Amino acid sequence: MIRVENLSKHFKVFKHHRGAMGTLRNLFTRQYNLVQAVNGLSFEIQPGELVGYIGPNGAGKSTTIKMLTGLLVPTSGELSVMGLLPWRDRQKYVARVGAVFGQRTTLWWDLPVIESLNLLQHIYKIPAASFKQNLDEFRTTLELDPFLDTPVRALSLGQRMRADICAALLHDPEILFLDEPTIGLDVVAKERIRQFIQQVNRERGTTVILTTHDLSDVEKLCQRVMIIDRGKLLFEGQLDALKAQFGGKRELLVDFAEDYPSPQIEGAEIAGREGGRVSYRFARGEIAASELIGRISAKYRIRDLEVREPQIEETIRRIYEERLLEN
Amino acid sequence: MKHALNLYRRLLGVQIRSQMQYRASFALELVGTGLIALFEYASLALVFERFDNLGGWTLGQVAFLYDMAEFSFGIMDMIFAGFDPSLFGQNVRRGTFDQLLLRPVNISVQVLGSEFTLRRIGKIIVGAGIFASALALNPVAWTPPKALLATLMAVSQVAFFGGLFIIGATITFWTVESIEVVNIFTYGGNYMISHPMHIFPAGLRQFFTYIIPAIFLAYYPALYILELPDPFRLPAFAPWLAPLAGLSVLMAALAFWRFGIRYYQSTGT
């Protein structure tokens, strides 16, 4: 569905001179720094996938999304989506995809939400029947009814995001690009958006590409993840594989029934203790959680225990900090 | 094409409804822009009180030129407001322009439909009123060709100013911080066109004859309508070149605009 090969985008950042004369100089001088925003990116995305695209600020996420949505022309490399060249076949292409940029709205600021949506019906030439069917469905699943007649300028961020997502889906796009769809939202609103994204992906088979810096979005939604940093792909694959390959140590939390001064156990180290609760750290692959629990319960009396997987935040932070994937 | 026109009509409807939500502000701006147009004319009249003529032209003759330009610029400013360089530059920086590129509709139609400043009506009405009174100051006999040329003049000037706006908007793809440079084009063009061209130095006048054909948009039609002699002795059809001049500037602007969009797509912001 999406095929990207050796894709690069380099920008010339011109040196700016201030003041009136500076402005004139800016028009005619050609001094610049070359910024390699995206550098030799290759990946493929299959129909129906829900892919997380993550990376720190300035890593090249937005630049990639802008190329995928046809806003930017690549400097070099190949990019083909549904057999089209996004930037060249702009009108034809954007009719088949939807995009939501978290910090902006596609809706008309002073219009009630419903009027914006009606206008989009005409913009995308959506047949009346499928427009009505989609709108009815999204009104329920996104709970739009309470603010359908409110001007967009008066919506809360969460409401606006729901309206924007609805707007991006009315024309049954085959691909949905979501750029930071949960940015600035509270926990409840985030959860609602996530559930909806998952539902759209499952029930409609829409391919979803999601950029975010909120890793819980990725953890809850995406089977596959791509990590980009400094314009290059650091990792591309299943989320589980990422954890297995680079994941830190797993944690076993044990509440002891008695007070043991030093409940040492072979195969794990004590990471901390708090009253009767001790946390052990152990490496995946070296010892199984069940084996470890067996060893502990053979020596001590246990009240309760819990296994914690390494947090994805930590995993990714380690990849960045230790540059584990640098060749 | 039909889809684009239909959509343009709808987008205009949106703009008008949006502006009507702020009635008080709309009314104030309506009156405000009208008053400004009135004061500008009054200051012109005051200059004539003192100097009596401008390069041999009377108040009525200059006012004819001046208010024709005022009226046309007002109409253009209303229709082409989406291309207003200062506004458009902001939209590029804020990413609003990207949102337009994400929709499957001709981009120029969308920009045109993204703004429609109805409040310019104030300026347009006052401009038209003063224009009518300027006509009364000129004792010329109106003939059908003259009326036709006056109409063509207004339409061509709208196209010309619209072209300048489009050129200005396109320049903001390169330089967002220098709206002043861009304004030299739009408001400079307006200034040139609203004064009798023979008062300017030859170099400047030739620039506005052969490079930017502004002289055919105002000065020559005015010579014909006001029955004034042509100091530069161009062929008799020169006044009728107005539509050609307006259209060619608009076409050149649209070509530049398309080039600018290609540049924007290769650089972003």
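A residue is classed as buried if 20 or more other C-beta atoms lie within 10 Å of its own, as exposed if 12 or fewer do, and as partly exposed in between, with C-beta atoms placed from the backbone. The structure is a predicted model, in which local features need pLDDT of at least 70, side-chain atom pairs count only at pLDDT 80 or more, and totals for chains, interfaces and linings use all residues. Residues are numbered from 1 along each chain as its sequence is written, and chains are lettered from A and ligands numbered from 1 in the order in which they are written.

Chain A contains 11 helices and 13 strands; helices (H or I, at least four residues) and strands (E, at least two) are DSSP runs, numbered from the N terminus. Along the principal axes, the C-alpha atoms of chain A occupy a box of roughly 75 × 55 × 40 Å. Of the 327 residues in chain A, 35% are buried. Contacts are pairs of residues whose C-beta atoms, placed from the backbone, lie within 7 Å. Among the contacts in chain A with a separation of 6 or more, 72% join residues 24 or more positions apart. Domain bounds, which come from an automatic or database domain assignment, divide chain A into domain 1 (45-244) and domain 2 (249-309). The C-alpha centres of domain 1 and domain 2 of chain A are 43 Å apart.

The predictor's confidence in each residue is expressed as pLDDT, from 0 to 100. Chain A has a mean pLDDT of 87, with 91% of its residues at 70 or more. Within chain A, the lowest confidence is found in H1(A), with a mean of 68, and the highest in helix H5 (residues 128-141), at 96.

Chain B has 12 helices and 0 strands, and its pattern along the sequence is α-α-α-α-α-α-α-α-α-α-α-α. The radius of gyration of chain B, taken over C-alpha atoms, is 19 Å, close to the 18 Å that the globule rule gives for 269 residues, so chain B is as compact as a globular protein of that length. The globule rule is 2.2 Å times the number of residues to the power 0.38. A box of roughly 55 × 40 × 35 Å, taken along the principal axes, holds the C-alpha atoms of chain B. Buried residues account for 42% of the 269 residues of chain B. Residues 24 or more positions apart provide 82% of the contacts in chain B with a separation of 6 or more.

The contact between the chains involves 26 residues from chain A and 22 residues from chain B. On the side of chain A that touches chain B, helix H1 (19-28), helix H3 (90-94), strand S5 (97-101) and helix H4 (113-123) each supply at least two residues. This side of chain A comprises 15 nonpolar, 6 polar and 5 charged residues, where Ala, Val, Leu, Ile, Met, Phe, Trp, Tyr, Cys and Pro count as nonpolar, Asp, Glu, Lys and Arg as charged, and the others, Gly among them, as polar. In H4(A), the residues A:Val113, A:Glu115, A:Ser116, A:Leu117, A:Leu120 and A:Ile123 are buried. The cover over the buried residues of H4(A) includes H5 and H6 of chain A together with helix H1 (2-20) of chain B.

A nonpolar core is a set of buried Ala, Val, Leu, Ile, Met, Phe, Trp, Tyr and Cys residues joined through C-beta atoms within 7 Å. The largest such core has 73 residues, of which A:Leu170 and A:Phe177 touch the most other members. Helix H6 (residues 157-169) of chain A contributes the largest share of this core, 7 residues. Another core, of 64 residues, lies apart from it and includes B:Tyr41, B:Trp57, B:Met153 and B:Tyr219. Leaving out residues up to four places away in sequence, the residues touched by A:Leu170 include A:Leu117 and A:Leu120, both of which are buried in H4(A).

Most residues other than glycine have a negative phi. A:Asp172, in the loop between H6 and strand S6 (175-179) of chain A, has a positive phi near 50 degrees. A:Asp172 counts as partly exposed because it has 16 C-beta neighbours inside 10 Å. B:Glu227, in the loop between helix H11 (219-225) and helix H12 (242-267) of chain B, has a positive phi near 55 degrees. With 11 C-beta neighbours inside 10 Å, B:Glu227 counts as exposed.

Conventions: Contact = placed C-beta atoms within 7 Å.
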